[in-house]
Amino acid sequence: MRIFRRRYEYKRLNQMIDDAIRGEFNEVNYDESVLSQLECKWRQYLTASKMSLDNVEEERKSMKELVSDISHQTRTPLANIKLYSQLLEEQSEDGPNEYVEQIRKQADKLEFLIQALIKMSRLESETIQMNPIAQKVAPLLENVYEECVQKAAHKKITVHNEIDKEENAVYDLKWTSEALYNALDNAIKYSEEGTDIYLRVKQYEMYTRITVEDQGIGILEQEREKVFQRFYRSPSVQQKDGIGIGLFLAREIISKQHGYMKAMPNKPKGTIMALYLPSGNCGL
């Protein structure tokens, strides 16, 4: 009799788990048995879990609406500030006005910050849908190279795109381009004039590694994780432009594609910023 009872309990436990997976769990008539008590607690747990998921979904929806409102409400005022700055500049009889130029620069900075915050909130609330697919890495590097080469040229920095066109990775082209752009933009920003930056790719069995290797000021060992924190800026670069969000966004984008980023020292000086993307051989 005891054996049959245990078989029944085992079968009922399996049924409870299967029903929960399908979202169809219902508690049977309650009695004083241990199994019935377990069913009751299982129902309470599933109810609480569903409420938590519903709350998370509601928060995501609210965040998405808030981000949309911020983007909409700030777009027109910023556009007007930039327009009036341009008109003032054109109407000045004494040539460029440093105050007008400062207004324009600050408006550009504010616009960049707002857009960065919007992207950050969308990534964290998972309202951005990425579509990583297996593809060549060459288009990714070529896109980012074309975007940054002129900016580098202004500082007499040479960017070398050393890409093997046969290497592959699993990634979303649009968002990964932004992540790589942020890494390369940082390298240009913190490198001295007349130096070189190298874009390199190496394919491993599980990951494809893209590196941005500069000859800049470098990152202290104790700061190599901190630079990926939002709004973190090293004391050594406080006087340079930047808000400390680019690498945070880059790592978030790469992480959401089952990859990772890390900063390493370059020799004899500088930084190697490495982006690891699934190679397509790891079953993701």
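What separates D185 and K189, 4 residues apart in helix 5? Keep that question for a later stop.

**Before you start**

This is a predicted model, in which local features need pLDDT of at least 70, side-chain atom pairs count only at pLDDT 80 or more, and totals for chains, interfaces and linings use all residues. Residues are numbered from 1 along each chain as its sequence is written, and side-chain values use heavy atoms, with hydrogens and water left out.

**Stop 1: the whole chain**

Show the protein as a cartoon. You will find 6 helices and 7 strands. Helices (H or I, at least four residues) and strands (E, at least two) are DSSP runs, numbered from the N terminus. Along the sequence the pattern reads α-α-α-β-α-β-β-α-β-β-α-β-β.

The protein has 284 residues, and 33% of them count as buried. Buried means under 20% relative accessible area, exposed means over 50%, and partly exposed lies in between (1.4 Å probe, protein chains only). Accessible areas come from the Shrake-Rupley method with a 1.4 Å probe, and for residues only the protein chains shown count as cover.

**Stop 2: helix 2**

Select residues 34-91, which form helix 2. Now pick E57, E58, E59, E65 and D69. They gather in a patch of negative charge on the surface. Patches are made of residues with over 30% relative accessible area and no salt bridge; like charges are joined within 9 Å, and nonpolar side chains (Val, Leu, Ile, Met, Phe, Trp, Tyr) within 5 Å. Asp and Glu count as negative, Lys and Arg as positive, while His and the chain ends are not counted. Each charge is placed at NZ of Lys, CZ of Arg, CG of Asp or CD of Glu. Stay on E59: its relative accessibility is 56%, so it counts as exposed.

Next, select L83, Y84 and L87. They make a nonpolar surface patch of about 290 Å². L83 also sits in helix 2. L83 counts as partly exposed, at 41% relative accessibility.

**Stop 3: helix 3**

Select residues 98-124. This is helix 3, with 27 residues. From first C-alpha to last, helix 3 reaches 39 Å, close to the 39 Å expected at 1.5 Å a residue. The expected span is 1.5 Å times one less than the number of residues.

Colour the buried residues of helix 3: V100, A107, I114, A116, I118, M120, S121 and L123. Then step just past the helix to E126, which takes a positive phi of about 60 degrees.

**Stop 4: salt bridges**

The structure holds 8 salt bridges. A salt bridge is a side-chain nitrogen of Lys or Arg within 4 Å of a carboxyl oxygen of Asp or Glu.

Show D108 and K82. Their side chains meet in a salt bridge (3.2 Å, N to O). D108 lies in helix 3 and K82 in helix 2, so this pair ties together parts that are 26 residues apart in sequence. D108 is partly exposed at 26% relative accessibility. K82 is partly exposed too, at 28%.

Move to E166 and K136. Here the side chains meet at 3.5 Å, N to O. E166 is in the loop between strand 2 and strand 3, and K136 is in strand 1, 30 residues apart. E166 is exposed at 54% relative accessibility, whereas K136 is partly exposed at 35%.

Now for the opening question. Select helix 5, residues 173-189: D185 and K189 are separated by about one helical turn because they are 4 residues apart in it. An α-helix has 3.6 residues a turn, so residues three or four places apart point the same way. The closest N and O atoms of D185 and K189 are 3.9 Å apart, in a salt bridge. D185 is buried at 10% relative accessibility, and K189 is partly exposed at 22%.

**Stop 5: a buried strand residue**

Go to strand 5, residues 207-213, and pick I210. I210 is buried, at 0% relative accessibility. I210 and I163 are 47 residues apart in sequence and 9.4 Å apart in space, C-alpha to C-alpha.

**Stop 6**

Most residues other than glycine have a negative phi, and most peptide bonds are trans. Select K156, in the loop between helix 4 and strand 2. K156 has a positive phi of about 60 degrees, although it is not a glycine. K156 is exposed, at 58%.

Last, select K267 and P268. The peptide bond from K267 to P268 is cis, with omega near 5 degrees. P268 is in the loop between strand 6 and strand 7.
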